[in-house]
Number of protein chains: 2
Amino acid sequence: KTHTDCMTSRNILKLPGFIDVHVHVREPGATYKEDFSSCTAAALAGGITMILAMPNTNPPVVDRSSYDYASALARVSARCDYALYMGAATTNTDTVAEMAPQAAALKMYLNQTFTTLTMDDMTVWQKHLQNWPKKMPVCAHAEREKTGAVILMASLLDRPIHICHVARKEEILIIKSAKERGLKVTCEVCPQHLFLSTADIPHLGEGRAEVRPVLCSPEDQAELWKNIDVIDVFATDHAPHSVEEKNSEKPPPGFPGLETILPLLLNAVHKGRLTIEDLINKFHRNPRKIFNLPEQPNTYVEVDMDYEWTIPQAMEFTKSKWTPFAGMQVCGAVHRVTLRGEIAYVEGQVLVPPGFGQNIRDWPVPKKQTHPLIDKIE
Amino acid sequence: KTHTDCMTSRNILKLPGFIDVHVHVREPGATYKEDFSSCTAAALAGGITMILAMPNTNPPVVDRSSYDYASALARVSARCDYALYMGAATTNTDTVAEMAPQAAALKMYLNQTFTTLTMDDMTVWQKHLQNWPKKMPVCAHAEREKTGAVILMASLLDRPIHICHVARKEEILIIKSAKERGLKVTCEVCPQHLFLSTADIPHLGEGRAEVRPVLCSPEDQAELWKNIDVIDVFATDHAPHSVEEKNSEKPPPGFPGLETILPLLLNAVHKGRLTIEDLINKFHRNPRKIFNLPEQPNTYVEVDMDYEWTIPQAMEFTKSKWTPFAGMQVCGAVHRVTLRGEIAYVEGQVLVPPGFGQNIRDWPVPKKQTHPLIDKIE
Ligand SMILES: [Zn+2]
Ligand SMILES: [Zn+2]
Ligand SMILES: [Zn+2]
Ligand SMILES: [Zn+2]
Ligand SMILES: [Zn+2]
Ligand SMILES: [Zn+2]
Ligand SMILES: [Zn+2]
Ligand SMILES: [Zn+2]
């Protein structure tokens with residue numbers, strides 16, 4: 001896209017580099033869907049300077065050797081900074097915790113997934129929640145009653161838990177109650193549950209609308225907005241599939257989202273549904289706090305607050321050539337992204353090569369993890 | 001059965017009247033399976049002098065009029081004392097609590113049942129847990145993660161919760177942890193999960209073995225015994241069906257249990273797996289405490305501790321003419337039952353007529369609910 005048409009109405013705001021804590025890179029194992037290079041290009045184009053990569057790859061990241069393998073691929077291909085999740089499984093309860101210092105976090109799949117990582121038995125959850133260091137984050141895909149069950153279990157063990165992609169009224173309300181009672185629970189919400197609902201399934205088509213958690217009712221959607229203060233984190237759950245797959249008889253669940261999340265959130269700011277403070281808190285500060293992420297030096301995103309555009313049929317950099325948000329009119333666009341002093345993205349062009357991205361868990365841990373008071377002027 | 005063969009080895013122990021907090025009477029709606037008369041005859045023959053009747057009848061007991069209907073039937077037909085549960089539904093969140101003083105307790109079905117009483121949404125659970133008086137019991141059929149979720153929700157609302165028919169290792173262990181952290185949770189376990197497991201399915205036959213919770217693994221079974229101190233209550237979940245139904249293509253889940261629970265538990269005492277104190281605590285004292293049940297005056301059960309017998313293909317008084325415990329050799333039998341001064345059962349004969357039983361929630365609430373220190377000598 002070109003910005004010439006909006007040159008006269010420029011309203012550029014400098015924001016911190018955004019952090020997406022929930023990204024399915026698809027490498028290793030399904031690089032026709034996405035790989036570190038395409039995924040991190042899409043991230044940068046979306047104003048995201050750090051991604052946390054999910055472990056349900058092929059092979060899944062569940063031990064040192066699979067971690068080393070994925071890590072080597074990321075090192076040569078990632079354009080933005082990153083960290084890699086470790087996946088909890090029934091088979092690695094006694095061993096996975098040794099990887100905690102290198103990991104973005106531990107990911108627990110408590111509902112059905114398309115990998116071997118589903119854990120059906122609460123005694124297995126308990127072992128993982130016990131063994132993973134308390135100061136390191138644990139994230140759970142835990143829908144409906146599983147939200148309640150895993151919060152109870154974490155609280156019985158007196159450890160924090162982060163709930164992925166909250167989508168339903170019953171989920172956000174039990175998290176709200178748990179927070180009010182002082183339990184150490186945090187949560188994230190994805191754009192598909194904030195901006196889409198079952199009401200959108202007819203125009204999306206049933207197959208393309210497949211996603212986990214499913215698109216929920218307009219009542220669920222409204223409840224997320226009503227409890228926006230309960231939401232700690234915005235994250236994409238970027239889950240790219242090919243258009244052919246999404247149009248097939250058995251469409252796999254998942255939406256791409258890296259290039260659209262920030263414009264959609266800026267548009268919500270434009271409409272007065274969010275403040276810029278909310279945006280920075282939930283898409284930069286809280287991810288840093290919850291996941292113990294370092295500040296990226298000289299890193300910021302310049303956004304054009306007044307640029308109006310319509311989300312196209314597909315975005316530029318992800319290999320997933322469709323988007324469920326196609327046709328939405330939004331106000332707000334990414335203008336330029338600076339990552340560790342380098343211009344990484346500007347005006348539709350990604351300028352940093354594969355390999356520029358760094359694994360932030362390889363950075364030396366600063367003695368004192370201070371954080372600028374006002375990220376806006378970083 | 002006759003006791004002549006054991007007259008020489010009589011070892012009669014006088015125990016309090018036992019209380020079964022989980023009984024499906026099947027009346028109204030399915031009196032060919034069981035009715036108040038046959039059910040309470042079976043109870044007395046089993047040494048049980050009070051039953052709490054489940055609300056998933058037809059019509060279900062969910063409001064004043066259905067309660068009045070079931071209550072009128074019970075009044076003319078019950079031979080032992082009783083109280084009636086109210087069923088929680090998605091439709092009665094705002095009204096059912098008014099019935100609390102008359103009810104045995106509120107029953108919440110959080111898993112699939114064969115009635116309209118299943119509640120799929122945690123926001124509905126929350127309303128019921130909020131509205132039902134905190135001093136009155138709430139019981140939940142809440143398997144697996146639902147155990148955790150409902151314990152969390154009750155604890156967030158600072159109210160007690162009773163978990164029905166705990167069957168699995170993961171369930172008893174999370175209840176154990178919750179109790180250790182001081183949460184107000186109690187639980188019951190049924191004979192089918194203490195004395196049967198998946199190892200028994202081949203000889204029972206798949207259809208007859210159908211029950212909810214299902215028969216679990218020998219490991220689950222062993223964990224219940226290992227954590228016998230975590231179990232507050234023994235209850236049958238007496239769920240009679242006709243032999244034809246159990247042998248049919250679609251066998252309904254459920255076992256009869258009123259006439260076999262006490263012999264099975266006495267046999268466990270005989271084998272040293274339980275103490276008499278455990279038996280009295282979990283089958284009389286704790287049910288009274290958890291459900292605020294009055295002491296039945298002049299009520300006791302005389303058991304023959306040394307009588308050895310084999311459980312037959314079907315028991316005498318239930319209409320459900322089969323038992324999953326057939327063929328088991330047990331030591332211990334009910335000799336005589338005295339209910340409010342009347343000999344209600346002796347040596348195979350039920351001596352009190354339908355209508356002798358009373359709804360204990362109609363009794364005046366005593367000023368001071370004292371309880372004899374030693375029930376054995378009541
Ligand atoms: Zn997920
Ligand atoms: Zn995901
Ligand atoms: Zn621009
Ligand atoms: Zn910052
Ligand atoms: Zn049940
Ligand atoms: Zn039942
Ligand atoms: Zn006898
Ligand atoms: Zn007593």
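Is Asp20(B) buried or exposed? With a relative accessibility of 0%, Asp20(B) counts as buried, since the cut-off for that word is under 20%. Please keep in mind that this is a predicted model.

**Around Asp20(B)**

- Asp20(B) belongs to strand S2 of chain B, which covers residues 18-23.
- Setting aside neighbours within four places in sequence, Asp20(B) is in contact with Ile48(B), Met50(B), Ile51(B), Leu52(B), Ala235(B), Thr236(B), Leu258(B) and Phe283(B).
- Between Asp20(B) and Glu277(B) there are 17 Å in space, C-alpha to C-alpha, and the two are 257 residues apart in sequence.

**The parallel sheet of chain B**

- An open sheet is built from six strands of chain B in the order S5-S6-S7-S8-S9-S10, with parallel pairing.
- At its edges stand strand S5 (86-87) and strand S10 (233-234) of chain B; each has a single partner strand, so one side of each is left without a neighbour in the sheet.
- S6(B) and S7(B) are joined in the parallel sense over four bridges, and Lys107(B) has Cys139(B) as its bridge partner in S7(B).
- S7(B) also runs parallel to S8(B), with two bridges joining them; here Cys139(B) stands opposite His162(B) in S8(B).
- From S7(B), Val138(B) and Ala140(B) point one way while Cys139(B) and His141(B) point the other way, and all are buried.
- Moving on, S8(B) and S9(B) run parallel and are joined by three bridges, with Thr186(B) in S9(B) as the bridge partner of His162(B).
- Strand S9 of chain B (residues 185-189) then pairs with S10(B) in the parallel sense over two bridges, where Val189(B) has Phe234(B) as its bridge partner.
- Five of the five residues of S9(B) are buried, so this strand is largely enclosed by the rest of the structure.
- Val185(B), Cys187(B) and Val189(B) point one way from S9(B), whereas Thr186(B) and Glu188(B) point the other way.
- Helix H3 of chain B (residues 122-131) lies across strand S6 (106-109), strand S7 (138-141) and strand S8 (161-163) of chain B, and runs at about 170 degrees to S6(B).

**The antiparallel sheet of chain B**

- Five strands of chain B make an open sheet in the order S1-S11-S12-S13-S14, and the pairing is antiparallel.
- Strand S1 (12-16) and strand S14 (349-350) of chain B are the edge strands, each pairing on one side only.
- Eight bridges join S11(B) and S12(B) in the antiparallel sense, and Thr310(B) has Gln329(B) as its bridge partner in S12(B).
- H10(B) packs on this sheet, where it touches S1, S11 and S12 of chain B, and its direction makes about 125 degrees with that of S12(B).
- Helix H11 of chain B (residues 276-291) packs on the sheet too, touching S1 and S11 of chain B, with about 35 degrees between its direction and that of S1(B).

**The nonpolar core**

- In soluble globular proteins, nonpolar side chains tend to be buried together.
- The largest nonpolar core here has 215 residues, and those touching the most other members are Ile51(A), Ile161(A), Ile51(B) and Ile161(B).
- Not counting residues up to four places away in sequence, Ile161(A) touches Leu129(A), Val138(A), Ala140(A), Val150(A), Ile151(A), Ala154(A), Lys184(A), Val185(A) and Thr186(A).

**Aromatic rings**

- Over all chains, there are twelve aromatic pairs.
- One of them is the edge-to-face pair of Phe255(B) and Trp322(B), at 5.6 Å centre to centre and 85 degrees between the planes.
- Phe255(B) sits in the loop between helix H9 (243-247) and helix H10 (261-270) of chain B, and Trp322(B) in the loop between strand S11 (300-310) and strand S12 (329-339) of chain B, so the pair ties together parts that are 67 residues apart in sequence.
- Both partners are buried: Phe255(B) has 1% relative accessibility, and Trp322(B) has a relative accessible area of 2%.
- Phe317(B) and Tyr345(B) also form an edge-to-face pair, with 6.4 Å centre to centre and 80 degrees between the planes.
- Lys14(A) lies over the face of Tyr300(A), 4.1 Å from the ring centre, and Arg340(B) lies over the face of Phe356(B), 4.6 Å from the ring centre.

Methods. Residues are numbered from 1 along each chain as its sequence is written. Chains are lettered from A and ligands numbered from 1 in the order in which they are written. This is a predicted model: local features need pLDDT of at least 70, side-chain atom pairs count only at pLDDT 80 or more; totals for chains, interfaces and linings use all residues. Side-chain values use heavy atoms; hydrogens and water are left out. A nonpolar core is a set of buried Ala, Val, Leu, Ile, Met, Phe, Trp, Tyr and Cys residues joined through side-chain atoms within 4.5 Å. Buried means under 20% relative accessible area, exposed over 50%, partly exposed in between (1.4 Å probe, protein chains only). Contact means heavy atoms within 4.5 Å. Rings of Phe, Tyr and Trp (its six-membered ring) pair if their centres lie within 6.5 Å; planes under 30 degrees apart count as stacked, over 60 as edge-to-face and the rest as tilted. A charge sits over a ring if NZ of Lys or CZ of Arg is within 6 Å of the ring centre and within 35 degrees of the ring normal. Two strands pair if DSSP finds at least two bridges between them. Axes are lines fitted to C-alpha atoms, for helices over the stretch in contact, and angles run from 0 to 180 degrees between N-to-C directions.
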